[in-house]
Amino acid sequence: MKRLAGFSKLAFITLGVLVLVVATLSVFGPNLRRLFGAHAEALAGGDDVSTSGMGTTFLQRKSLKTFGDNSAGDDGEPHAAPAPSAPPPPPVRQRVVTQSARMDMRAEPIPTGNTHAAERPNPFTLTAEDRFSTFAVDVDTASYALFRRHVTEGGLPPRESIRVEEWVNYFRYAYPSPEQGDFRVDLEGAPSPFTPGRHLVKVGLQGRTISKSQRKPTHLVFLVDTSGSMASPDKLPLAQKAMKLMVDGLNESDTVALVTYAGSVRDVLPSTPASEREKLFLAIDSLTSGGGTDMGDGLELAYRHAAKKAGSKNVSRVIVLTDGDTNLGRNQSADTMLESIQGYVKEGVTLSTIGLGMGNYRDDLMERLANKGNGNCFYIDSEREARRVFQERLAGTLEVIAQDVKVQVEFDPQAVRGYRLLGYENRAIADRDFRNDKVDAGEIGAGHTVTALYEVELTGEGSRVATVRVRAKKPGGVEAAEQQFPLERSQLHAALRQASANLRFAAAVAGTADVLRGAPQAGDWSLATAESLAEGAVEGLSDRAEFLGLLRMVRERTATSTARGVPY
């Protein structure tokens, strides 16, 4: 009896174990079979692969068209819904790098936390299809200063950070001053040093200059990012030096207010006469960094301050000093920020965005805010650059002499087969909107020069190459005035050496930028040619000499990369 009882007990335990095993297989069987490769579709090479294999099997076979849509197969058709089973595990976030992506990573500079907005270079356009080229002027210089910092620190700039017009317009050109009106147009052309059979045409605008005593009373509102990301020496401490330099250049009748933002927004100093420098400097020196970044709310408060003194007889400008990072508050995106300040912009408040630092610099945000805020975008990489922007060129930084400035070049199809504008991609305006004065465009500050270069292919016929039209408003104006300037074939030099140093140097800068950003039309252009052009057009100017030195460093690095089989 004891033996029988023991046997019954053993049978009962065995039966229980068998029931437990069957139940486990029923619930978890599909996942276990997938794990050990026993699933039929997995053995057949199907797409039903576990999360652990996603990066090496499924996603590598996806086309760009279907990438990111896990319901689509190789043919782009959706898969049938799988039969219900155990809930899938949470998705694993991972970066998938394909063979082509790895090649691109070798060709590009090492990415950082900085963000830029890439633009597709302008194509070569046949004049028979479209003879008009229309764009808004741009006097921003942030892209060139970023290039300089990357090169001086031993690297190369990310391609998407390169905006040709900001490189060209970083430099001053000796254009004739306007005899009357706010600006004068300078036109010139010569054979291209880069593409045989083509010419370069330069369109230059020179704004009128004003003395310190002629400047309108100015009300500045410094909006300073004091978040934790601003702690490094090239951020908040450099911003403090820049603000002091600007205060030193103001007239006694000017006023300054100071607002900061971090985890919250703070009114540090109300509107204070610039003559009270000690008080202003103490407030600037008191700033410390820490906390999050509520940029949107800070911008709105600064604009409210500036709007109090906005008017046609005053300059009222907000100056933002930041690395561009924003992670708190209601308005975090560029769209919501722009929407919140649009009314103040219409009242005449202008904006300067001053970028600082590296690592999380929002170049894309800074440029977009400046464009929509009727202002300018700078990047400060040193105290010397701060002195250049806030002292040497203070009048142009502060006071707008012409707004909504548009340029339209009409090429004569009889004389020009085709053309390409170097840069200004994000400043393009529809041809039909040239005379639509409600369409926003660019601004020219006192003493500013604006330069644009076209690559053109001539037909050998016709006496007039193009007609250049410039349309602009007075600051605060509603209706624009238009001027027209002809470019005759007689204004084209027979040889490049006969062209002005302005054209030759601008060509060197634009050519370098086009090569480094990988413009398709500049695929066979040479940095050696750009260096030769720059060497003959320095004319004793320190900023041009600095560019030449930077270009030589770039050539050395690109030559080393090419020798290793890793093109820039």
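**A buried aspartate and beyond**

Author: Start with D433, which is buried but has no salt bridge; R432, the nearest side chain of opposite charge, is 4.5 Å away. Buried here means under 20% relative accessible area, exposed means over 50%, and partly exposed is in between (1.4 Å probe, protein chains only). A salt bridge needs a side-chain nitrogen of Lys or Arg within 4 Å of a carboxyl oxygen of Asp or Glu. As for charge, Lys and Arg count as positive, Asp and Glu as negative, while His and the chain ends are not counted.

Bear in mind that this is a predicted model: local features need pLDDT of at least 70, side-chain atom pairs count only at pLDDT 80 or more, and totals for chains, interfaces and linings use all residues. Residues are numbered from 1 along each chain as its sequence is written, and side-chain values use heavy atoms, with hydrogens and water left out.

D433 sits in the loop between β12 (416-421) and β13 (442-445). Those labels come from DSSP runs, numbered from the N terminus: helices are H or I with at least four residues, strands E with at least two. Setting aside neighbours within four places in sequence, D433 is in contact with K406 and V439, where contact means heavy atoms within 4.5 Å.

Another aspartate, D404, lies in strand β11 (residues 400-411). D404 has a phi near 50 degrees, positive although the residue is not glycine, and counts as buried because its relative accessibility is 9%. E539 also has a positive phi, near 55 degrees. The loop between α15 (527-535) and α16 (542-563) holds E539, which is exposed at a relative accessible area of 59%.

On to the open sheet: six strands in the order β7-β6-β5-β8-β9-β10, with mixed pairing. Two strands pair if DSSP finds at least two bridges between them. The edges are β7 (265-273) and β10 (376-380), each with a single partner strand, so one side of each lacks a neighbour in the sheet. Inside the sheet, β8 (residues 315-322) and β9 (residues 350-356) run parallel over six bridges. Helix α7 (residues 236-248) packs on the sheet, touching β5 (218-225), β6 (255-261), β8, β9 and β10, and its direction makes about 175 degrees with that of β5. Axes are lines fitted to C-alpha atoms, for helices over the stretch in contact, and angles run from 0 to 180 degrees between N-to-C directions.
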